[in-house]
Amino acid sequence: MTIKEVSEKYNISQDTLRYYEKVGIIPFEKIIDFYNKAFKA
(Lines give C-alpha, C1' and ligand atoms only; values in the text may rest on other atoms or scores of the structure.)
Protein backbone atom coordinates (compact mmCIF):
# COMPACT_ATOMS: atom_id res chain seq x y z
CA MET A 1 0.00 0.00 0.00
CA THR A 2 1.05 3.56 -0.56
CA ILE A 3 0.65 6.47 1.84
CA LYS A 4 -2.21 7.70 -0.35
CA GLU A 5 -4.00 4.34 -0.19
CA VAL A 6 -3.63 4.09 3.60
CA SER A 7 -4.77 7.69 3.96
CA GLU A 8 -7.91 7.14 1.90
CA LYS A 9 -8.73 3.75 3.36
CA TYR A 10 -8.46 4.80 7.01
CA ASN A 11 -9.34 8.50 6.68
CA ILE A 12 -5.99 9.71 8.00
CA SER A 13 -4.25 12.60 6.28
CA GLN A 14 -1.13 11.85 4.29
CA ASP A 15 0.62 14.61 6.22
CA THR A 16 -0.15 12.82 9.50
CA LEU A 17 1.24 9.54 8.20
CA ARG A 18 4.36 11.27 6.89
CA TYR A 19 4.80 13.08 10.21
CA TYR A 20 4.61 9.79 12.14
CA GLU A 21 7.27 8.34 9.87
CA LYS A 22 9.45 11.48 9.91
CA VAL A 23 9.67 11.79 13.68
CA GLY A 24 10.21 8.07 14.01
CA ILE A 25 7.01 7.30 15.88
CA ILE A 26 6.15 4.55 13.44
CA PRO A 27 7.98 3.51 10.26
CA PHE A 28 5.61 3.47 7.28
CA GLU A 29 5.76 -0.32 6.98
CA LYS A 30 4.61 -0.62 10.59
CA ILE A 31 1.79 1.87 9.98
CA ILE A 32 0.49 -0.33 7.18
CA ASP A 33 0.81 -3.48 9.30
CA PHE A 34 -0.95 -1.81 12.23
CA TYR A 35 -3.91 -0.62 10.21
CA ASN A 36 -4.22 -3.89 8.33
CA LYS A 37 -4.41 -5.79 11.62
CA ALA A 38 -6.53 -3.22 13.46
CA PHE A 39 -9.14 -3.00 10.74
CA LYS A 40 -8.70 -6.52 9.33
CA ALA A 41 -8.19 -5.23 5.80
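Exposed means over 50% relative accessible area, and buried means under 20%. Keep those two cut-offs in mind. One more thing before we start: this is a predicted model.

Let me begin with Asn11. At 72% relative accessibility, Asn11 is over the 50% mark, so Asn11 counts as exposed. Where does Asn11 sit? Asn11 is in the loop between α1 and α2. Now look at the backbone there. Asn11 has a positive phi, about 55°, and Asn11 is not a glycine. As background, most residues other than glycine have a negative phi.

Now the overall layout. The chain has 3 helices and 0 strands. Along the sequence, the pattern reads α-α-α. The chain has 41 residues, and 24% of them count as buried. What about contacts between residues at least 6 apart in sequence? Of those, 43% join residues at least 24 apart.

Next, the packing of α1 on α2. Two packed helices are described by the angle between their axes and the distance between the axes. Here, α1 covers residues 3-10 and α2 covers residues 14-22. Their axes come within 9 Å. The crossing angle is roughly 120°. That makes α1 oblique to α2.

Ser7 belongs to helix α1. Is Ser7 buried or exposed? Ser7 has a relative accessible area of 10%, so Ser7 is buried. Set aside the neighbours within four places in sequence. Ser7 is then in contact with Ile12, Ser13, Gln14 and Leu17. Take Leu17. Ser7 and Leu17 are 10 residues apart along the chain, and their C-alpha atoms are separated by 7.6 Å.

Helix α3 covers residues 28-38, and Ile31 is found in α3. The relative accessible area of Ile31 is 1%, so Ile31 is buried. What does Ile31 touch, not counting residues up to four places away in sequence? The list is Val6, Leu17, Tyr20 and Ile26. Ile31 touches both of them. How far is Ile31 from Val6? In sequence, Ile31 and Val6 are 25 residues apart. In space, C-alpha to C-alpha, Ile31 and Val6 are 8.7 Å apart.

Last topic: the aromatics. How many aromatic pairs does a search of the whole structure find? The count is 1. The rings belong to Tyr19 and Tyr20, with centres 6.4 Å apart. The ring planes are at 55°, so the pair is tilted. Edge-to-face would need over 60 degrees. Both tyrosines have a known accessibility class. Tyr19 is partly exposed, at 48% relative accessibility. Tyr20 is also partly exposed, with a relative accessible area of 29%.

Note on methods
Residues are numbered from 1 along each chain as its sequence is written. This is a predicted model: local features need pLDDT of at least 70, side-chain atom pairs count only at pLDDT 80 or more; totals for chains, interfaces and linings use all residues. Side-chain values use heavy atoms; hydrogens and water are left out. Axes are lines fitted to C-alpha atoms, for helices over the stretch in contact, and angles run from 0 to 180 degrees between N-to-C directions. Helices (H or I, at least four residues) and strands (E, at least two) are DSSP runs, numbered from the N terminus. Angles under 35 degrees count as roughly parallel, over 145 as roughly antiparallel, 65 to 115 as roughly perpendicular and the rest as oblique. Rings of Phe, Tyr and Trp (its six-membered ring) pair if their centres lie within 6.5 Å; planes under 30 degrees apart count as stacked, over 60 as edge-to-face and the rest as tilted. Buried means under 20% relative accessible area, exposed over 50%, partly exposed in between (1.4 Å probe, protein chains only). Contact means heavy atoms within 4.5 Å.
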